[in-house]
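Biologist: I am new to this structure and would like to learn how to read it feature by feature. Could you give me the general idea each time, and then the case at hand?

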Amino acid sequence: MKEGEFPDGEALPPVLFYWRTKTAESFDERARSEVASFVAGISATMPEWRAVIRGDAAAAIGIVIGRRIPERIGLRVDLSMTVLLACALFDPAAAMVLSHTLARMPIETRERTRLSASWSMHEIWLGSRRAGARVPKTPPRLTGGGS
């Protein structure tokens, strides 16, 4: 099995790579919808995964927290980080965990730093919205553009 493929050789959906390729500010409505649809299409029997599929941010955090950082990223990591991503789009705690986990992943250093910083900024933006502070209508953009 090559990276980017299921065991049967079928290509993995690109949405599984968003958490490690797209900055927080690059998620428009189409990309958010794509992530939500993918997560909603996951079938699970384990209660914690069922909670994640329903959008439970604490359950998504629980799936990622405490796990050892892998030497290489595979399907299991992509799947757990994608469900965390789905929650991080709307939940500051999930955005914080995504940022901190990204900062330790086996991704090229510059890219890892860029992605982690974007989710850290997104966490702050989400938190300020929840606190009722006056906030802009869109999340802050980091300099250098998003992918």
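Modeller: Let us begin with contacts, meaning heavy atoms within 4.5 Å: among the contacts in the protein with a separation of 6 or more, 63% are accounted for by residues 24 or more positions apart. This is a predicted model, in which local features need pLDDT of at least 70 and side-chain atom pairs count only at pLDDT 80 or more, while totals for chains, interfaces and linings use all residues. Residues are numbered from 1 along each chain as its sequence is written, and side-chain values use heavy atoms, with hydrogens and water left out.

Biologist: How many helices and strands are there in the protein?

Modeller: Helices (H or I, at least four residues) and strands (E, at least two) are DSSP runs numbered from the N terminus. Here the protein has six helices and zero strands, so that the order from the N terminus on reads α-α-α-α-α-α.

Biologist: What percentage of the residues in the protein is buried?

Modeller: A residue is buried under 20% relative accessible area, exposed over 50%, and partly exposed in between, using a 1.4 Å probe and protein chains only. By that scale, buried residues make up 41% of the 147 residues in the protein.

Biologist: Which residues have the most contacts inside the largest nonpolar core?

Modeller: A nonpolar core is a set of buried Ala, Val, Leu, Ile, Met, Phe, Trp, Tyr and Cys residues joined through side-chain atoms within 4.5 Å. The largest one has 40 residues, and those with the most contacts inside it are Trp19, Val35, Leu84, Leu85 and Trp119. At least two residues of this core come from each of α1 (29–40), α2 (47–53), α3 (57–64), α4 (75–88), α5 (92–102) and α6, with α4 supplying the largest share, eight residues. Not counting residues up to four places away in sequence, Trp119 touches a list of residues including Lys22, Ala24, Phe27, Leu85, Leu98 and Leu102.

Biologist: Is Ser118 buried or exposed, and which backbone nitrogen does its side chain reach?

Modeller: Ser118 is found in helix α6, residues 109–130, and it counts as buried because its relative accessibility is 1%. For its partner we need the polar contact, a pair of N or O atoms within 3.5 Å; within protein, one must be able to donate a hydrogen and the other to accept it, and residues adjacent in sequence count only if both atoms are side-chain atoms. The side chain of Ser118 reaches the backbone nitrogen of Ala24 at 3.0 Å.

Biologist: How many salt bridges does the rule give?

Modeller: A salt bridge is a side-chain nitrogen of Lys or Arg within 4 Å of a carboxyl oxygen of Asp or Glu, and the count here is three. In one of them, Arg20 pairs with Asp78, with the closest N and O atoms 2.9 Å apart. That pair links distant parts of the chain, since Arg20 sits in the segment before α1 and Asp78 in helix α4, 58 residues apart. Arg20 and Asp78 are both buried.

Biologist: Where do Arg30 and Glu34 lie, and how many residues apart are Arg114 and Glu111?

Modeller: Arg30 and Glu34 both lie in helix α1, four residues apart, about one turn of the helix, and the closest N and O atoms of their salt bridge are 3.3 Å apart. Arg30 counts as exposed because its relative accessibility is 58%, whereas Glu34, at 27%, counts as partly exposed. Arg114 and Glu111 meet in a salt bridge at 2.8 Å, N to O; they are separated by about one helical turn because they are three residues apart in helix α6. Arg114 counts as partly exposed at 26% relative accessibility, and Glu111 is partly exposed at 21%.

Biologist: How many residues of α3 are buried?

Modeller: Six of its eight residues are buried, so α3 is mostly covered, and among the buried ones are Ala57, Ile61 and Val64. What covers them includes α2, α4 and α5. At the start of α3, a side-chain oxygen of Asp56 reaches to within 3.0 Å of the backbone nitrogen of Ala58, and α3 is followed by Gly66, whose phi is positive, near 85°.
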